[in-house]
Amino acid sequence: VIDKEPYKVREFLEQKRTYSNGISYVKPLSYFQDGFRPEHDDCTVTLVCGGSYVIPMKTDEKSRAYIDAIAAWFRSHDKVSCVNVRYCQPPDNDFVFLCRAPHYLGSGGGFSRLVRHVRQERRRLGRLLLQRHQVLGL
């Protein structure tokens, strides 16, 4: 999305942009700053960045600059010890990785919504199984 838009990377980082369909695909830096709530020191953060795996783009220069800026903020956080970037991996692999991650802060696209939905269902099923386990005394 970001590479097809006329806005500069700085503008994406500074301000939320909502598209005609009502979705904000690219989150501003403040979204990550507000949403990141580490539970302990020495956190590892992995940024999962897809989009160009199936249809390679002519240029992804702005996408990479945006990712670098987000990663730089996480690296400067006093509770973060390591920042990994997964870029252009097979979407199925990213999906499993995100669904199983201990914590998740998604973006605004359909892929993120699907991951969020699966994570919610896994928690709901986990609670259901736990309740059943307790009732049956297993």
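User: What is the relative accessible area of Asp94?

Analyst: The model is predicted: local features need pLDDT of at least 70 and side-chain atom pairs count only at pLDDT 80 or more, while totals for chains, interfaces and linings use all residues. Residues are numbered from 1 along each chain as its sequence is written, and side-chain values use heavy atoms, with hydrogens and water left out. Buried means under 20% relative accessible area, exposed over 50%, and partly exposed in between (1.4 Å probe, protein chains only). Asp94 is buried, its relative accessible area being 3%.

User: Which residue meets Asp94 in a salt bridge?

Analyst: Side chains of opposite charge can pair when their charged atoms come close. A salt bridge is a side-chain nitrogen of Lys or Arg within 4 Å of a carboxyl oxygen of Asp or Glu. For Asp94 the N to O distance is 2.8 Å. The partner is partly exposed at 21% relative accessibility, and the residue in question is Arg86.

User: With which residues is Val48 in contact, leaving aside its neighbours within four places in sequence?

Analyst: Val48 is found in strand β1 (residues 43–49) and is partly exposed, with a relative accessible area of 27%. Contact means heavy atoms within 4.5 Å. With neighbours within four places in sequence left aside, Val48 is in contact with Arg86, Asp94, Phe97 and Leu98.

User: How far apart in space are Val48 and Gly106, C-alpha to C-alpha?

Analyst: In sequence, Val48 and Gly106 are 58 residues apart. In space, their C-alpha to C-alpha distance is 9.4 Å.

User: What separates Glu14 and Arg10 along helix α1?

Analyst: Glu14 and Arg10 form a salt bridge, the closest N and O atoms being 3.4 Å apart. Glu14 is exposed at 56% relative accessible area, whereas Arg10 is partly exposed at 47%. The two residues are four apart in helix α1 (residues 9–14), so their separation is about one helical turn.

User: Over the face of which residue does Arg17 lie?

Analyst: Arg17 forms a salt bridge with Glu11, with the closest N and O atoms 3.9 Å apart. Arg17 is buried at 13% relative accessibility, while Glu11 is partly exposed at 24%. A charge sits over a ring if NZ of Lys or CZ of Arg is within 6 Å of the ring centre and within 35 degrees of the ring normal. At 3.7 Å from the ring centre, Arg17 lies over the face of Tyr7.

User: How many disulfides does the structure hold?

Analyst: A disulfide is a covalent bond between the sulfur atoms of two cysteines; here the cut-off is a pair of cysteine sulfur atoms within 2.5 Å. Cys43 is buried at 8% relative accessible area, and Cys99 is buried at 9%. The number of disulfides in the structure is zero.

User: How many aromatic pairs are there, and what is the angle between the planes of Tyr19 and Tyr25?

Analyst: Rings of Phe, Tyr and Trp (its six-membered ring) pair if their centres lie within 6.5 Å; planes under 30 degrees apart count as stacked, over 60 as edge-to-face and the rest as tilted. The structure holds eight aromatic pairs. In the pair of Tyr19 and Tyr25 the centres are 5.5 Å apart, and the pair is tilted because the angle between the planes is 55°.

User: How many residues apart are Phe95 and Phe111?

Analyst: Phe95 and Phe111 form an edge-to-face aromatic pair, 5.9 Å centre to centre with 75° between the planes. The pair links distant parts of the chain, Phe95 being in helix α4 (residues 91–100) and Phe111 in helix α5 (residues 110–136), and the separation in residues is 16.

User: What pattern does the protein chain follow along the sequence?

Analyst: The protein chain has five helices and two strands. Read along the sequence, their pattern is α-α-β-α-β-α-α.
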